[in-house]
Amino acid sequence: MATESAPAINPIEQFSIEPVVPIHIAGHDFSLTNSGLFMLLAVGVTCLLMAIGARGDSGVPGRMQSLAEMAYEFTAGMVRSAAGEEGMKFFPFVFSVFFFVLICNLIGFFPFSFTVTSHIVITAALALLVFLTVVFFGLKEHGTHFFKTFVPPGVPIYILPLVVAIEIVSFLSRPVSHSVRLFANMLAGHITLYVFGAFVIMLGGASWAILKPAAVLPFAMAVGLEALELLVAFLQAYVFAMLTCMYLNDALHPGGH
Amino acid sequence: MAEDDDERLRSNLARLRGSLDKARATGEARGPARAGASGAPRGDSGMSLAMRAASEFISAIAVGAGIGWALDRLLRTNPAFLIGFFFIGVAAGVFNVIRLTSPKGGGPAQDSPLSRAEAADKGGRRPGLEGARERGSSGEAAGSADDDED
């Protein structure tokens, strides 16, 4: 009886992609979707933050300038610690990836917004971008020396083919784990939040009055989860950028150094 | 009297400059280390490490099995390559997890070049942690000095 009055629960609905501005060119669908819209929004927010922070028209750094400087220092420290001083040539790339993912994750917290990073297409595209950058830059800089990444030193010749196969599979699995981690975290987090939010409504709207106060319990849980998800949003963006640095380190120093 | 003051000021200045130089030197030594320290602890939090280990393990198996499946389709050798590459994928997954969790010193995968990235990363973090510890102990030292003065 309670289920009849309760609204239908569909935790996946929030991830559906809908065209916002329909654009059709020569029979192909180029519509601007909600995903594309929120990606543009994330880029816009990042650019705005940095533009305000870099204005620096007063001698004393203001809040926005401190924020921009902290963002720079944090990312630069991450790049230097993972990929060394030469890694700084990739700083613009890592910074862009980090802030795109971070802002996309954070925008997803606003009600009625869309979490771009909860789609594996987006995270896989980013991970493949990193992967291909590593492969092409490594081959360009080091030529065939780059393949030493797959040949560990000091391995007896009779198990070398097996070890090389394992190393190659391990190398190829990187973009998969790189993309799935971010995607799965964001997807699972938003589904969990939705489900607990729905529990609040179901219990609050229950026909037995005795059940109504119990709605406080899932509400408390949802509040806690919101905090946890905020941490996860930061952490996953950080981990994504950190792994980008570590993979780029392989392109800079194949076979270690 | 005036000369006395001058002398005292000069010696004060020299002392301050000396301690400033020292602070600057150690500060420079700590600069990059601090950057490492600021990044290290969050990336290593228990839950994210567990998530990383799980995803690296599973993705290696999936990629291995996928390669085997594709080779089988190409060469019509069903299911020889699928079985073989599945196990290679499992080995790569175990390798990934060992590499991820092994301490920077030892570990079976230490000689692997791919693990060097991780080792270099951890090596980059280690001075950070040491720097933090050093800073902590110097802070304690400063604290005790303060206590003495009090």
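These are my notebook entries on two chains of a predicted model.

**Ground rules.** I number residues from 1 along each chain as its sequence is written, and I letter chains from A and number ligands from 1 in the order in which they are written. Because the model is predicted, I take local features only at pLDDT of at least 70 and side-chain atom pairs only at pLDDT 80 or more, while totals for chains, interfaces and linings use all residues.

**Scores.** I noted an ipTM of 0.74 and a pTM of 0.72 for the model.

**Chain B, layout.** I found four helices and zero strands in chain B; both are DSSP runs numbered from the N terminus, helices being H or I of at least four residues and strands E of at least two. Read from the N terminus on, the order is α-α-α-α. I see that 29% of the 150 residues count as buried (20 or more other C-beta atoms within 10 Å of a residue's own; 12 or fewer is exposed, in between is partly exposed; C-beta atoms are placed from the backbone).

**Chain B, confidence.** I looked up pLDDT, the predictor's confidence in each residue from 0 to 100. Its mean over chain B is 66, and 51% of the residues reach 70 or more. Where in chain B is confidence lowest, and where highest? Helix α4 (residues 113–149) of chain B is lowest at a mean of 41, and helix α3 (residues 80–101) of chain B is highest at 90. I also marked residues 105–150 of chain B, where pLDDT is below 50.

**Where the chains meet.** I followed α6(A) to α3(B): their axes come within 8 Å and cross at roughly 70°. (Axes are lines fitted to C-alpha atoms, for helices over the stretch in contact, and angles run from 0 to 180 degrees between N-to-C directions.) The two helices are therefore roughly perpendicular, a label for angles of 65 to 115 degrees; under 35 is roughly parallel, over 145 roughly antiparallel, and the rest oblique.

**Helix α4 of chain A.** I checked the length of α4(A), residues 91–107: at 1.5 Å a residue its 17 residues should span 24 Å, and the end C-alpha atoms are 24 Å apart, so the two agree. The expected span is 1.5 Å times one less than the number of residues. Its buried residues include F98(A), F99(A) and F100(A). Covering them are, among others, α2 (34–53) and α7 (216–252) of chain A.

Definitions and conventions
Two residues are in contact if their C-beta atoms, placed from the backbone, lie within 7 Å.
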